[in-house]
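Trainee: I am new to this entry and would like to go through it slowly, one question at a time. Could you take me through its parts?

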Amino acid sequence: MTIAPEEQQTQVPEGHVKLTIDGQEIIAPEGELVIRTAERIGTVIPRFCDHPLLDPAGACRQCLVEVEVNGRPMPKPQASCTIAVADGMVVRTQKSSEVADKAQEGVMELLLINHPLDCPICDKGGECPLQNQAMAHGRATSRFVDTKRTFPKPLSISSQVLLDRERCVQCQRCTRFSEQIAGDPFIEMLERGPSQQVGTAETSDIVDSASHTSAGDPFQSYFSGNTIQICPVGALTSAEYRFRSRPFDLVSAPSVCEHCAAGCAQRTDFRRGKVMRRLAGEDPEVNEEWDCDKGRFAFRYATARDRIRKPLVRDPGDGELREASWTEALRVTSEALLGARAGAGAGVLSGGRLTVEDAYAYAKFARVALRTNDIDFRARAHSDEELEFLTSSVLGTSPGTAVSYADIEKAPAVLCVAFEPEEESPIVFLRLRKSARDRGTKVFHIGQWATPAVRKTFGELLTCAPGAEAAVLDGIAEHARDLDEALRTDGALVLVGERAAEVPGLFAAVDSLVRRTGARAAWVPRRAGERGSLDAGAAPTLLPGGIPYDDERARNELESLWGIEGGTLPARRGRDTAGILAAAARGELDALVVAGVDPDDLPDPEGAREALRAAGFVLSIEMRPSPVTELADVVLPIAPADEKSGSYLNWEGRSRGFEVTVSGTGALPDCRLLDTLAVEMDVDLFTQTPAAAAADLAKVSELRAGGTAAGRPVEAGSSARRELGTGQVWLATWRELIDNASLQVDEPYLAGTARRAVLRLSPATAQRFGIERGKPASVRTALGEVTLPAELTDMPDDVVWVPARSPVSVRSALGAGHGAAVGLAAASTEGDRG
Amino acid sequence: MSDPITPVLTKRWLSPNSWRLSTYEQLEGYTAARKALRGTPEQLVSLIKEAGLRGRGGAGFPAGVKWGFMPKDEEKPHYLVINADEGEPGTCKDIPLMMADPHSLIEGCIISAYAMRAHHCFIYVRGEVLHCMRRLSAAVSEAYEAGYLGSDIFGSGFDLDITVHAGAGAYICGEETALLDSLEGRRGEPRLKPPFPAASGLYSQPTTVNNVETIATVPFIVNGGVDWFRAMGTEKSPGPKIFSISGHVERPGQYEAPLGTTLRELLDLAGGMKDGIPLKFWTPGGSSTPLFTAEHLDVPLDFEGAAEAGSMLGTTALMIFNETVSVPWAVMKWTQFYRHESCGKCTPCREGTYWLAQILERMVDGRGTEEDIETLLDVCDNVLGRSFCALGDGAVSPITSGIQYFRSEFLELCRQNATSSAASSGGDAQSALVGAQS
């Protein structure tokens, strides 16, 4: 007896369709493009213009396939990158259709007729989709014997992106990226037919007012490097990397960006121990496939000529720093720190750039070796109110329990408070733009003027005087009903930036806003290490793992876990950054341990320098000479991110681990250095390697697994009565992405894409102070002044905005920050002086 | 066999001051609009469907069906866009129509906009024809002054504004979606479809794009009715049509005749071939439609007839060439036009026209090879049906049809080349010999 094989009818789930590709049945979600469905069964259809994160274009026609719908063959081959799957569709790719195969071969031949075929000298040669696909799907020889189209080259699109128009296949990926993803249409297709080319308004034949934005700024983008990476040919090249290397000579390592708190996955390519370039890595949950230009290009600091590679000890004789052996440097340091411990004590400023493992080593070092809670990672304006908010709302959260990129993408409304997404966390900005563009997310910004990010997130701006942000939040229910309504919808978010710490009452206002509306808040710090430092305990009120300093029982548990004598962990509340510096200045601290802190970022740069001078002993743990090393007694060199392993916690609380990229340089990670130093002080940290430190921290974190301090309302910090004196205005200031930061040294091409530094003020304020557009104007305090060309901007009166560190440090020059009252005046021009 | 032809679309053209509102009104002007606005939009759509009016811009899509794609509600603003970017080589019907009888277009716009619930109509006029812009704008002003445009037209409660917009001189902007891009102020490039304009057109709103002649025909259908309209032309291609006849005929110009009329009949109207020199080849609907030859003199010029004979009706732009014209030369000129006018968006059209033009230029210059003919055909095959919009298909029509009917002429050019290069290499040998002797 024979048994007929049972008909296996595969069920098509809801929202899916069944189609056939090259004879194989496949179920695909409705709306999926054929080119991607085919990919899932292993059929790669060649393509150039198609990119999964860009809107379909159908321009290159490389991905043509034959399609049958409802049993009827479509008369022409279809671009599989623009046609969505349909039930019963029959697709024949190059694998089973001669028509598709010939169409693809034909398009490939056409793409090559005007291509220079200069692969041997092209940066893209060896990793070029055109080269690869021409080998796979093209003719062996060309029939084209006539004259190729030529263009002068290269053409500067910006200081870091160079265009070779002859290599371009006009796929429009770069222009679509700029328009759709970044929102900076700084390049566009110009001319038509065979003369069609990518260009900027400045390169086009029509040079007129259109070549500049209405503000008179040349087109710039913080994301232009992505166009180089997605260019499927060698048309867009990086000024930094051009002609430096061949892809097949490079070793590629996955890495994580060390600049901001976005936590971008990257790929670092190096050769003979030297990093040649960085590319955006793929991580759909974090940076998708994008990277900002700072993350992509700012890595030369690690190979700067002035990099400190050996310990330095200040010679008692001539008072100069001289190179010393590790043995000597560690001995000098341990003696000084032991002395300080026995005396008035030592404080630790660990900075915002540490990995979790390194931050943990500092936190443990402070408690165990220095026996103090005087440690703070906040190398910027900060407040108790901030720390309280971080403790109650941020500490210990992760994408599963708190706000994530995916939540931004789904959010019906997002309110940005004291946060400039494009300047401070570019990938958060891209996600905001994506959700606003694709899903209509309403983005609200509280600030002083409509920054480019407001426009590019299709946002709404609530203006206020700097320092008055808290009052605006408190007034939302009354004055901004639509925003109040939006924040009450499920999934609404509030993103808070580092500047909030400068506005007394703002964190409390955020806290009460989210309690009232049900929106969820997330803190997006600017630096990569801040979030991890909080959880690792590099804070004055928090031990590692978020243990409150005043929880005696937990402290005892920690003491036994760490194997130290009971009762030895300090019970006194630690001082914050300002407190540590003030104490040092007063002689209440004998030593300072300073890692990666720039005094010019601190609330009182001059006071910080004073403290460094006053402290009996300063240990600077640094990579390159800085204002701190100038005043240090011992400088210990540590490894940059490329030369160590570890992990960052990004703003979501997501762990972003990475391995050593460039090995064998002999540079030590901070945790190893501190472990060795601690041994010299007869203390064991067990942080010899980042892995050991991570394992130790994991055990500590288990102590408090599940428990956070959430729930307590944040109390508003005290704020002095705010009044303007005569001739004064309110100062608004924040940092721009590309400025004079120390991690951007040695990268002139990147620096060339910084925004033009201007002083912004309203037309009425300008008139009142006799300031003219484009003419220099100064903001002043008793300490000094900052002079920049004036730009008239739609913003509140009696407010002036200047970039915080482009080109000079406003804090350093004025001793004032966001929300301060400052003087304003027209500056005399060069001509007047002459 | 040809019936006496009673002009419809062109009947007012020879009247004195035919473009004036007063003249137009003396000759039944704006009677159709008054009538139409008393009915419902649905009635109008079905009237045009029943009449079988097909688009006069080239593709011949049934106008009523196209109108029917527009949403039935008015949640979003609807737009009617008139494609007056007449640019197909040889085509000269819309501009004369707008010059001679602009109010017939405006009246058509009122009726059509009403039928598709649009309250704003844009007439996108080819930028080069300034005189036509002026006349049309003046006519629109006249219509506004008379209360035929603006609000509450004819007391019907229907509002309509018309904006006359000048293009900037790109052939691609005759493609309806590129036209919309251009109208929005962008660089004209065809858009991805779907979404089709009826769903998301001008400013992403429901939009219908119709040709001038199509819309100008509408008032006549409203007044004349379906039976009257269908009495002209053929079953599937009913109605009158303006044929633009140019080239080697005695009296080139616009000739109105029912669809289905043959070239032989039209040549009679145009006074026959110029100086009696016999016909060699011709285009039935502009340079984008494959060539016909003298053997096609009796092909009925309607959408079906032209297609059956291997070409397309296109814009009924009949370019007539006599025996003095070289086919490879004419094809080269057309190909140069397409190279110049390719928008550049897609590879086949952009690169294909660049390559094809160079091969043809080389051939006409006497430097072609027999192999080049095969290359031409294969490149055409790689462009036809592979480009983003139909312009790529149009660009290769003259080449493939030219070689199909006149391959010998192309071959002849190549053989001359073979002979002359052999001769010149012989010459070289000769001079080398001379050099050796001296």
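Predicted model: local features only at pLDDT ≥ 70, side-chain atom pairs only at ≥ 80, totals over all residues.

Trainee: Into which domains is chain A divided, and what residues belong to domain 3 of chain A?

Mentor: The assignment divides chain A into domain 1 (17-111), domain 2 (146-249), domain 3, domain 4 (384-525) and domain 5 (728-833). Domain 3 of chain A is written as two stretches, and the residues that belong to it are 312-380 + 531-703.

Trainee: How many residues of domain 1 of chain A take part in the contact with domain 2 of chain A?

Mentor: The centres of domain 1 and domain 2 of chain A, taken over C-alpha atoms, are separated by 29 Å. On the side of domain 1 of chain A that touches domain 2 of chain A, the residues divide into 8 nonpolar, 1 polar and 1 charged. Domain 2 of chain A gives 11 residues to the contact, while the number from domain 1 of chain A is 10.

Trainee: Are helix 9 of chain A and helix 17 of chain A roughly parallel or roughly perpendicular to each other?

Mentor: The axes of helix 9 (residues 384-394) and helix 17 (residues 506-517) of chain A come within 8 Å and cross at roughly 30 degrees. Among the residues that meet are A:Phe389 in helix 9 and A:Phe507 in helix 17 of chain A, and the contact as a whole divides into 3 nonpolar, 1 polar and 3 charged residues. Since angles under 35 degrees count as roughly parallel, helix 9 of chain A and helix 17 of chain A are therefore roughly parallel.

Trainee: What is the handedness of the crossing of helix 20 of chain A and helix 21 of chain A?

Mentor: Helix 20 (residues 577-585) and helix 21 (residues 605-614) of chain A have axes that come within 7 Å and cross at roughly 50 degrees, and the two helices are therefore oblique to each other. By class, their contact has 6 nonpolar, 1 polar and 1 charged residues. The crossing of helix 20 of chain A and helix 21 of chain A is left-handed.

Trainee: Turning to chain B, which residue is the bridge partner of B:Ile82 in strand 2 of chain B?

Mentor: Chain B has an open sheet of 5 strands with mixed pairing, in the order 3-4-2-1-5, and its twist averages 25 degrees from one strand to the next. Strand 1 (residues 79-84) and strand 2 (residues 120-125) of chain B run parallel and are joined by 6 bridges. In strand 2 of chain B, the partner of B:Ile82 is B:Ile123.

Trainee: How are helix 6 of chain B and helix 10 of chain B oriented to each other, roughly parallel or roughly perpendicular?

Mentor: The axes of helix 6 (residues 102-115) and helix 10 (residues 212-230) of chain B come within 7 Å and cross at roughly 75 degrees. The contact between these helices of chain B divides into 9 nonpolar, 3 polar and 1 charged residues. Angles from 65 to 115 degrees count as roughly perpendicular, and helix 6 and helix 10 of chain B are therefore roughly perpendicular.

Trainee: Which helix gives the most to the side of chain B that touches chain A?

Mentor: In the contact between the chains, 28 residues of chain B are in contact with 26 residues of chain A. Helix 13 (327-341), helix 14 (347-364) and helix 15 (370-383) of chain B are the elements that give two or more residues to this side, which by class has 9 nonpolar, 11 polar and 8 charged residues. With 11 residues, the element that gives the most is helix 14 of chain B.

Conventions:
Residues numbered from 1 in each chain as written. Chains lettered and ligands numbered in written order. Pairing = 2+ DSSP bridges. Helix = DSSP H or I, 4+ residues; strand = E, 2+ residues; numbered from the N terminus. Axes fitted to C-alpha atoms, helices over the stretch in contact; angles between N-to-C directions. Parallel < 35°, antiparallel > 145°, perpendicular 65-115°, else oblique. Left-handed = near helix turned anticlockwise from the far one by under 90°. Nonpolar A, V, L, I, M, F, W, Y, C, P; charged D, E, K, R; others polar. Contact = placed C-beta atoms within 7 Å. Domains from an automatic or database assignment.
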